[in-house]
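Please prepare a briefing on the structure below, with the points grouped by topic and the cut-offs stated for each term.

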Amino acid sequence: MLTLYAFAAGPHLAGAVLAAAELYDVDVPVAALRVEEIGRLAGLAGAAIWLWWLIITRPRPDGMEHWWRRAVPLVGALTVIAADEAGEFTANGTSTQIAGHLSELVIWIWLCVEVTARWGLSIQHLRLTGPKQLFR
């Protein structure tokens, strides 16, 4: 779980630190901003590889489900992300990266679901405390 958290949150935490530094008029080099972007994409690549592995090694009790049927949405999400990233580098900067960031969110949530399912956990197994117990 720490690896998952480091992949997902690490680059964003670094970006938040850089943004806070800019608020205090600290001169942040452009290369540092690119490192955050590269870290985000590297974390996403790691998550996609991990998710791909979980998909193709998922136990199938009936033996009928083909792994590639579950991998098609992952390839589609990665294609949207790649198109959004490529659009950022065009001359007119046409990409807003909204679709890419939504696709990233889908990959992260899907990875969390797959990892917890592999451990035998589901929403039904989690017992969240009620608001009354939480604020006593």
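Just after helix H1, Asp25 takes a positive phi of about 60°, where helices (H or I, at least four residues) and strands (E, at least two) are DSSP runs numbered from the N terminus. This is a predicted model, in which local features need pLDDT of at least 70 and side-chain atom pairs count only at pLDDT 80 or more, while totals for chains, interfaces and linings use all residues. Residues are numbered from 1 along each chain as its sequence is written, and side-chain values use heavy atoms, with hydrogens and water left out.

**Overall make-up**
- The protein chain holds five helices and zero strands, so that its elements, read from the N terminus, run α-α-α-α-α by the DSSP definition.
- Of the 136 residues in the protein chain, 26% are buried, a term that stands for under 20% relative accessible area, against over 50% for exposed and partly exposed in between (1.4 Å probe, protein chains only).
- Among contacts (heavy atoms within 4.5 Å) between residues at least 6 apart in sequence, 62% join residues at least 24 apart.

**Helix H1**
- Helix H1, residues 2–23, has 22 residues and reaches 30 Å from its first C-alpha to its last, close to the 32 Å expected at 1.5 Å a residue, the expected span being 1.5 Å times one less than the number of residues.
- H1 bends by about 40° at Ala9, with a proline, Pro11, following within four residues; the bend is the angle between axes fitted to the seven residues ending at a residue and the seven starting there.
- Leu4, Ala9, Pro11, Gly15, Leu18 and Ala21 are the buried residues of H1, and these pack against H2 and H4.

**Helix H2**
- H2 has 27 residues and spans 39 Å from first C-alpha to last, close to the 39 Å expected at 1.5 Å a residue.
- Buried residues in H2 include Glu37 and Arg40, as well as Gly43, Leu51 and Ile55.

- Leaving aside neighbours within four places in sequence, Leu51 is in contact with Leu74, Ile107, Trp110, Leu111 and Glu114.

**Charge over a ring**
- Arg118 lies over the face of Trp53, at 5.6 Å from the ring centre, the criterion being NZ of Lys or CZ of Arg within 6 Å of the ring centre and within 35 degrees of the ring normal.
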